[in-house]
Amino acid sequence: MLVETMRIEGIPTPVSRIGLGTWAIGGWMWGGADDSASIATLRGAVERGINLIDTAPVYGFGHSEEMVGQALAGLRDRAVIATKGGLEWAGEGVRRNSSPQRLRREVEDSLRRLRTDRIDLYQIHWPDPLVPIEDTARTLEALQREGKILAVGVSNYSPEQMDAFRAVLPLASVQPPYNLFERAIERDVLPYAREHGLAVLAYGALCRGLLSGRMTVDTTFGADDLRASDPKFRRPRFDQYVRATKELEAMARIRYDKPVLALAIRWVLDSGPTIALWGARRPEQLDGVDEACGWRLSDADMADIDDLLEKNILDPVGPEFMAPRARE
């Protein structure tokens, strides 16, 4: 299979434009995970040509990183590992902490769990209002000089926050939420990335499974599933999003003979200097990757998609519910 690739500044290997997102592999907030299936999924992704693996310590108390480390034994040089820092567990949830001491400890812990001597792309997970952005950048600059991290990125940063960061250290990437249903970055972050040559790692490319084509209005989620607290998955909104997905499915089948999942990923890839992060925790969930590659959406179809969404989504809502709290 030929997966499209792009260059990210500071990473010597071309990076696949579809990356494997491993939040669900951590188990936390996704109803648990099967470790053997997770390892098979990770290794299967690399074998398919998906070399970008995006993870974070906060995904299951470090469990996602541990699975990545185990799975990539013998495959490390075929993979580009992207992980994150700047969040810590506190009570029953997570909070932001990008203090220099915290980041240094997180990098060392991530290197150990990932079983590697370097992190290809290290990202600050969320901005921390209690730590000057310049201090965060200087900490990563030092870690970069030490060879522990290669390229540096940020996640969930605004253009103004990226400007402050880039005044100290060049950025290679930004990771925001971006999918057919969550498009706020088109106002600011996406144009900024184009202007400054940043790769955009779009997380939630399938909007937490909404755009997989497998959900109906009767789909339910357990209390330990992230989607149980997502306002998109509550009626009457849920009905609107499911209806829109069904119409997108019909468009994809009639015009391209593709499933809606492929159309959703293709839309992300055709919308900028983007990488679509594809969340999977079982090998068969990667089966649709092939159908998202090697074609493009026409300008007319992009416009029709906009019209379809405007008609169906009467009460849109973003992913704001996922933002972790700041420290007191």
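**T274**

I looked up T274 in this predicted model and found 0% relative accessibility, so T274 counts as buried (under 20% relative accessible area, with a 1.4 Å probe and protein chains only). T274 lies in strand β12, residues 274–279. Strands here are DSSP runs of E, at least two residues, and helices are runs of H or I, at least four, numbered from the N terminus. I then listed what T274 touches (heavy atoms within 4.5 Å). The partners are M6, R17, L190, V200, V268 and L269, leaving out residues up to four places away in sequence.

**Ground rules**

I noted that local features need pLDDT of at least 70 and side-chain atom pairs need 80 or more, while totals for chains, interfaces and linings use all residues. Residues are numbered from 1 along each chain, and side-chain values use heavy atoms, without hydrogens or water.

**Cores**

Next I checked the nonpolar cores, which are sets of buried Ala, Val, Leu, Ile, Met, Phe, Trp, Tyr and Cys residues joined through side-chain atoms within 4.5 Å. The largest has 86 residues, and L140, F165, F181 and L248 have the most contacts inside it. Helix α8 (residues 260–269) gives the most to this core, nine residues. I followed F181: its contacts include C207, L210, Y241, L248 and I313, again not counting residues up to four places away in sequence. Another core lies apart, with 23 residues, among them I8, A151, A172 and L226.

**Helices α1 and α2**

Last, I looked at α1 (residues 35–48) and α2 (residues 63–71). Their axes, lines fitted to C-alpha atoms over the stretch in contact, come within 9 Å and cross at roughly 60°. The contact is made by D35, S38, I39, L42 and R43 of α1 and H63, M67, V68, Q70 and A71 of α2.

Key:
Axes fitted to C-alpha atoms, helices over the stretch in contact; angles between N-to-C directions. Buried < 20%, exposed > 50% of the residue type's maximum accessible area, 1.4 Å probe, protein only.
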